[in-house]
Amino acid sequence: MRLRNRTAMVTGAGQGIGQAIALALARHGARVALCDINAQRLDMVLAEIQSIGGCALTCPMDVTSKEQIQQVVQQVLSLWGAIDILVNNAGIYEVLPFEEITEAQWDRMLSVNLKGAFLCCQAVVPHMKQRGSGTIINIASSAGKTGATLAGAHYSVSKAGVICLTKQLARELGPYGITVNAVAPGRIDTPMIHTVPEDQNEMFRQRTPLGRLGTPEDVANAVVFLASDEASFITGEILDVNGGLLID
Ligand SMILES: NC(=O)c1ccc[n+]([C@@H]2O[C@H](COP(=O)([O-])OP(=O)(O)OC[C@H]3O[C@@H](n4cnc5c(N)ncnc54)[C@H](O)[C@@H]3O)[C@@H](O)[C@H]2O)c1
């Protein structure tokens, strides 16, 4: 119970990595605001958390909407009085050759993956500053460090943006007692990667020194660590969780 009495807000909590993060935070004692554009999935995650004796709240919202985010932040603050942990995890993914990415696809990708994190941080930071504490954890990707081997340029660029946002905010918010870090997953077995043919995922498996794809729990464990007191002197870090797929 490393996070007892903490309050967390997790975006993209409806499935995959976000679901595992929400469950892990709840298992460690945090109250978790479950945020996702898919309200039905949130009800299932809420039931799962309640079944292990955890505490959570469903907050359907679109991370591209400043208004919806602010409503959720106000709701969480009036119910629980604090947001100690923000996890920006919501994201979309697309495999497309560079010349085929339309302007609308580019804008949508940047809007969900990068602007979503920006808006959530902006909504929560004034509150964290006021309290003089808080931790923000962004879910980036190894694609944001090297360029993607499979995903489109709009995806890898959005994740590079998430990495730089993490470093910038770590500098700006450190003096207010707020840490900002990112986790950069390699290939993780979630519904997101099932949108591509299996042989493509097999290619990642073969190139990973540890010989397997990651699990959502592998990423969630790293997030729990970064959210815990044990990580209180870590900020601006991009933590790889990739089985050795990328070693830099
Ligand atoms: N799976 C991987 O291999 C992998 C690797 C590196 C990084 N990531 C990153 O991890 C994060 C989670 O990925 P995943 O594999 O669990 O994906 P996923 O598709 O399984 O889950 C993403 C969740 O985000 C939600 N979401 C999408 N758009 C949203 C919006 N506008 N507002 C609110 N919620 C929205 C979806 O409804 C879904 O529940 C993403 O940021 C992704 O880029 C995943």
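On a 1 Å grid over the protein atoms alone, a pocket is an open set of points where a 1.4 Å probe fits, with protein on both sides within 12 Å along at least five of seven lines. A molecule sits in such a pocket if more than half of its atoms lie within 2 Å of its grid points. In this structure, the space taken by the ligand is the largest pocket.

The model is predicted, and side-chain atom pairs count only at pLDDT 80 or more, while local features need at least 70. Residues are numbered from 1 along each chain, and side-chain values use heavy atoms.

Polar contacts, pairs of N or O atoms within 3.5 Å, include the following.

| Residue | Atom of the residue | Distance to a ligand oxygen atom |
|---|---|---|
| Thr190 | polar side-chain atom | 2.5 Å |
| Lys159 | polar side-chain atom | 2.8 Å |
| Gly186 | backbone N or O atom | 3.5 Å |

The protein covers 93% of the 830 Å² of accessible area that the ligand has on its own, by the Shrake-Rupley method with a 1.4 Å probe.

The structure also holds one aromatic pair (ring centres within 6.5 Å). The ring centres of Tyr93 and Tyr155 are 5.1 Å apart and their planes stand at 80 degrees, so the pair is edge-to-face (over 60 degrees).

How values were computed: Polar contact = N/O pair within 3.5 Å; in protein donor to acceptor, adjacent residues only side chain to side chain. 1 Å grid on protein atoms, 1.4 Å probe; cavity = no way out; pocket = protein on both sides within 12 Å on 5 of 7 lines; lining within 4 Å. Phe/Tyr/Trp six-rings, centres within 6.5 Å; stacked < 30°, edge-to-face > 60°.
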